[in-house]
Amino acid sequence: MKFSLKAKLSLAIALVVLLTVALISFLSNYLIQNQFKGYISSQQAKTAHQIVESISVQYDADTGSWDADFIHTIGMYALYDGYIVKVYDKDGKTVWDAETCDMNLCIQMMDNISHRMMTEYPTINGEFTTKTFPAMQDLTEIGTISISYYGPFFLSEDDFLFLDALNKILVGVGIASLVIAVVTGIFLAKRLSKPLLKTVEVTKDIADGKYGTRILNETGTIEVDQLIDSINHLAESLEKQEALRRKLTADVAHELRTPLATVQSHLEAILEGVWEPTRDRLESCYDEMNRLGSLVSDLERLAKVESDNLKLNKTEVSLRELTEKILGSYEKELEDKNLNVKLSGNCSSISADRDRIGQVLINLISNAVKYTTDGGKIRITLSETEGSVVFHIQDNGIGISEEEIPYIFERFYRADKSRNRNTGGSGIGLAIVKSILSAHGGTIEVESRLNEGSAFMLTLPKSQDDVSLMK
Ligand code: ADP
């Protein structure tokens with residue numbers, strides 16, 4: 001079963017308030033009743049004593065007589081309050097008896113009180129009990145007074161009205177709190193669910209490809225704001241990825257168009273008989289096809305490096321040993337161009353993916369070879385700091401102009417394109433270098449001057465935490 005946040009929250013708050021109010025009502029009722037019972041019982045004992053005292057003073061010791069009128073008044077007042085009084089002199093003769101005075105009233109009082117108490121407090125098993133007190137004057141016993149009242153305690157009509165009013169107030173407070181709780185719950189839930197619903201809407205838009213959509217308002221709830229931030233961040237990443245994908249497609253199309261167009265026009269001219277299929281023309285077509293082939297394999301390498309799921313296969317790698325091996329494979333090119341290469345310094349082994357770091361070094365070394373004119377110099381220096389190793393490669397080749405330096409790590413970027421056409425580069429090598437380095441937590445810096453030479457400084461941490469290749 002599914003419920004909305006609003007329903008859940010209002011229900012939960014209402015339930016908590018209901019339980020709290022019920023508990024408070026029950027406890028206060030219980031406490032009040034108990035306190036009240038104790039108070040009433042002691043009050044009744046006091047009243048009985050007061051009755052005895054006020055009747056005792058109605059005896060005149062000199063004449064040995066009782067003031068019957070006063071006793072009657074006191075007795076009747078007591079009767080209305082629920083006390084049936086009987087006064088006897090010291091010989092046991094009745095002086096005043098409520099029952100003989102007004103039997104009907106006595107019975108009616110007793111019935112009223114018994115009925116009220118039986119219905120409201122059936123558990124106390126109360127009944128009318130009679131207590132006899134000695135009537136004293138100046139330490140002499142002048143008679144006895146018996147008082148009957150409902151015990152262990154009884155409540156007058158006013159007492160009941162008071163308790164009733166109290167209960168009603170408690171119920172009223174309970175209902176009012178419940179209403180306030182439900183209203184507050186609905187209000188709170190609305191405030192919470194509104195931004196969530198908005199977020200759901202925006203997420204749907206993003207899923208539909210509207211990557212530019214953002215959630216703007218701050219809600220003031222930390223968790224909801226965090227969710228909004230994550231979704232905005234997600235949308236931003238998707239937007240960037242999408243832009244990258246479009247740019248890549250456009251770049252690839254652009255890169256393919258030139259060699260394809262050249263080959264196409266050459267072949268057309270040959271087929272139509274406009275051109276003789278000379279060796280030179282066929283070689284030019286062959287060169288373009290070669291360029292296309294290397295572009296496609298570069299693209300494949302880039303895709304492999306940048307694929308999300310690529311995992312680094314880390315082992316102990318010695319940069320010195322790796323560099324020597326790569327330089328060995330470049331022996332022929334170096335000889336052909338009469339390049340002077342020197343490798344100096346050393347550094348500790350690092351934990352890295354040997355093949356990929358090898359790819360980085362190959363790209364840097366092959367660039368240095370490619371962009372250094374015949375008879376030039378290439379210097380490779382290895383060093384280390386506390387936490388990282390440094391690979392420094394410097395050449396005195398054609399260099400890169402200051403304006404172009406910021407772009408050389410972008411895919412397909414080739415400085416001064418026409419000049420590089422004959423080097424066969426596709427502008428992907430340094431993009432691959434950057435991608436692999438960021439996966440290893442490393443960095444690359446470049447310093448270059450046009451016609452003077454370039455220096456690339458690669459820094460790799462000695463041990464790295466896993467970092468995603470798509471940084
Ligand atoms: P490419 O396949 O064209 O060499 P890269 O991504 O490796 O592609 O390099 C991008 C561009 O940076 C090159 O086209 C070149 O203009 C410039 N570049 C890279 N390395 C050097 C270097 N050592 N000397 C001069 N220019 C360089």
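Patches are made of residues with over 30% relative accessible area and no salt bridge, where like charges are joined within 9 Å and nonpolar side chains (Val, Leu, Ile, Met, Phe, Trp, Tyr) within 5 Å; a salt bridge is a side-chain nitrogen of Lys or Arg within 4 Å of a carboxyl oxygen of Asp or Glu. The model is predicted, and local features need pLDDT of at least 70, side-chain atom pairs count only at pLDDT 80 or more, while totals for chains, interfaces and linings use all residues. Residues are numbered from 1 along each chain as its sequence is written, and side-chain values use heavy atoms, with hydrogens and water left out.

A nonpolar surface patch is formed by Val171, Ile175, Val179 and Val183, which together have about 360 Å² of accessible area (Shrake-Rupley method, 1.4 Å probe, with only the protein chains shown counting as cover for residues). Of these, Val183 lies in helix H5, residues 157-207 (helices are DSSP runs of H or I with at least four residues, numbered from the N terminus).

Around the ligand there are 20 residues, and the closest are Asn367, Lys370, Tyr371, Asp395 and Leu430 (a residue is near if one of its heavy atoms lies within 4 Å). The table lists polar contacts, pairs of N or O atoms within 3.5 Å.

| Protein atom | Ligand atom | Distance |
|---|---|---|
| Asp395, polar side-chain atom | nitrogen | 3.0 Å |
| Leu430, polar backbone atom | oxygen | 2.7 Å |
| Ser454, polar side-chain atom | nitrogen | 3.1 Å |

Of the 520 Å² of accessible area that the ligand has on its own, the protein covers 98%. Helix H10 gives the largest share of the shell around the ligand, 3 residues.

Conventions:
Polar contact = N/O pair within 3.5 Å; in protein donor to acceptor, adjacent residues only side chain to side chain. Helix = DSSP H or I, 4+ residues; strand = E, 2+ residues; numbered from the N terminus.
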